[in-house]
Amino acid sequence: MNIKKIGLTALAGSLIATSAFAGELAISGGAKLSYTTKGGSIVSAGAAGDLVSSGFAMDQEMTAKGSAELDNGFTVSVTHALAATGGSGSDSSTLTLDMGDLGKLTYDDTDGHAGLAGLEDKMPLAYEQANDGIGTKASKANMAKMASGQGFGYSTTFAGAAVSIGYSDGLGASTDRSDGKQDVTALSTSSSSSIAITYDFESLGLTVFGGSGSEGQGDGKDIDHTTFGAIYAYGPVKVGYQINDEDDSDSTSTTTDLETEIMSIAFVVNDNLSISYGEHNSDVAGSSIDQEIESIQMSYSMGGMTFNIKDSEVTGLANTANQNHDTTEIMLQFAF
């Protein structure tokens, strides 16, 4: 008896039998090359996070996607975004069940933006949020917003309004989460939930949105969040305004009672060029210093290439006196 031959035959049969369960993933990607400069009164030699060896950086843009239709007509899809840092884990993985008129149910293992987290900053801008890139490792900009992280999301349309609901049993996300294991990065964090509603009055050029939620904390208490705002479009011009508010349920804490006012105006010059101006103003309880951010942006596209530039400055960074900061970012993006 040829044991080796039987073993190989059994192995081949096993591979054939399981191949029917294998799915195909399509790989897509792009390229980003940026150059950033920072300055201001908080930048000093030796300060944590202030030393800069180079302003150039390149991001890794690779995403694997796949989907399949079930017998009942529902569609299951998965997305794996590869880690931007070159690590062995994924930057974010998302599993979605599309139930047609019944809505979509999604699980994100790292950075979900369902519910109120999706309304973090809905202002019309040429490039990105006005507060992005502000601050250093030693001093971060304040902003009232619902935290994003691992959890479930449900989205649907009801009476013409887009509804998004988010739930997480613990927003302390870890990038090494895998099936059959537990996330131990935030053992005492309570659950979080929120709802966001967006409605378009198309005939008026007006979009209104708002929502509320509760964010669980490591001490077992909650931070209550509310957001409301509107965007008005007239021809090539869009103007937006919103307010984010958060209040700690711990009556002894005031440092997490925060309100951020966001506004912007964007102008589409033509099919390729757009410009915008935006502001972020944050007030925190217990501080008389306002954090005020201004950002001027431009975006130009040509085929599969996009050129973005942003110049931003802040006074009262982290609601602290004499902390001023400015940053200029140039981003070149290629889509493949």
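Predicted model: local features only at pLDDT ≥ 70, side-chain atom pairs only at ≥ 80, totals over all residues.
Strand S12 gives the most to the lining of the largest cavity, contributing three residues. Mean pLDDT for the protein is 85, and 83% of its residues reach 70 or more.

**The largest cavity**

- The count comes to one cavity of 30 Å³ or more, and the largest cavity has a volume of about 40 Å³.
- Its lining consists of Leu116, Leu119, Glu120, Lys145, Met146, His225, Thr226, Thr227, Asn244 and Asp245.
- At least two lining residues come from each of strand S12 (222-234) and strand S13 (237-248).
- Sorted by class, the lining of the largest cavity holds three charged, three nonpolar and four polar residues.

**Ile243 in strand S13**

- Ile243 is located in strand S13, a strand that also supplies at least two residues of the cavity lining.
- Ile243 has a relative accessible area of 15%, and it therefore counts as buried, the cut-off being under 20%.
- Leaving out residues up to four places away in sequence, Ile243 touches Thr226, Thr227, Phe228, Glu259, Thr260 and Glu261; Thr226 and Thr227 are also among the residues that line the largest cavity.
- The C-alpha atoms of Ile243 and Lys145 are separated by 9.7 Å, although the two residues are 98 apart along the chain. Lys145 is itself one of the residues lining the largest cavity.

**The largest pocket**

- The volume of the largest pocket is about 560 Å³.
- Its lining comprises 18 residues, and those that lie nearest its centre are Ser34, Thr36, Ala57, Gly133 and Glu329.
- Strand S1 (26-39), strand S2 (56-69) and strand S18 (325-335) are the elements that give two or more residues to this lining.
- The lining of the largest pocket is made up of seven charged, six polar and five nonpolar residues.

- Apart from neighbours within four places in sequence, Ala26 is in contact with Thr63, Ala64 and Lys65.
- Phe336 belongs to the segment after S18.
- Phe336 has a relative accessibility of 74%, and it therefore counts as exposed, for which the cut-off is over 50%.
- Despite that exposure, Phe336 touches Gly29, Gly30 and Ala31, when residues up to four places away in sequence are not counted.
- Phe336 and Met305 lie 31 residues apart in sequence, and their C-alpha atoms are 9.4 Å apart in space.

- Most residues other than glycine have a negative phi.
- Ala318 has a positive phi, near 60°, and is found in the loop between strand S17 (305-315) and S18.
- Asn319, in the loop between S17 and S18, also has a positive phi, of about 55°, although it is not a glycine.
- Ala318 counts as partly exposed at 22% relative accessibility, whereas Asn319 is buried, with a relative accessible area of 6%.

**Overall surface and contacts**

- Of the 336 residues in the protein, 34% are buried.
- The accessible surface amounts to about 19000 Å², and carbon and sulfur atoms account for 57% of it.
- Among contacts between residues at least 6 apart in sequence, 54% join residues at least 24 apart.

**Confidence**

- Confidence is highest in strand S14 (residues 258-268), at a mean of 98, and lowest in helix H1 (residues 3-18), at a mean of 39.
- The pLDDT is below 50 over residues 1-21, and this stretch has one contact in the model beyond near neighbours in sequence.

How values were computed:
Residues numbered from 1 in each chain as written. Heavy atoms only, no water. Buried < 20%, exposed > 50% of the residue type's maximum accessible area, 1.4 Å probe, protein only. Contact = heavy atoms within 4.5 Å. Areas by Shrake-Rupley, 256 points an atom, 1.4 Å probe, with all protein chains shown as cover. 1 Å grid on protein atoms, 1.4 Å probe; cavity = no way out; pocket = protein on both sides within 12 Å on 5 of 7 lines; lining within 4 Å. Points joined across faces, edges and corners; volume = space filled by probe spheres on them. Helix = DSSP H or I, 4+ residues; strand = E, 2+ residues; numbered from the N terminus. Nonpolar A, V, L, I, M, F, W, Y, C, P; charged D, E, K, R; others polar. pLDDT = per-residue confidence, 0-100.
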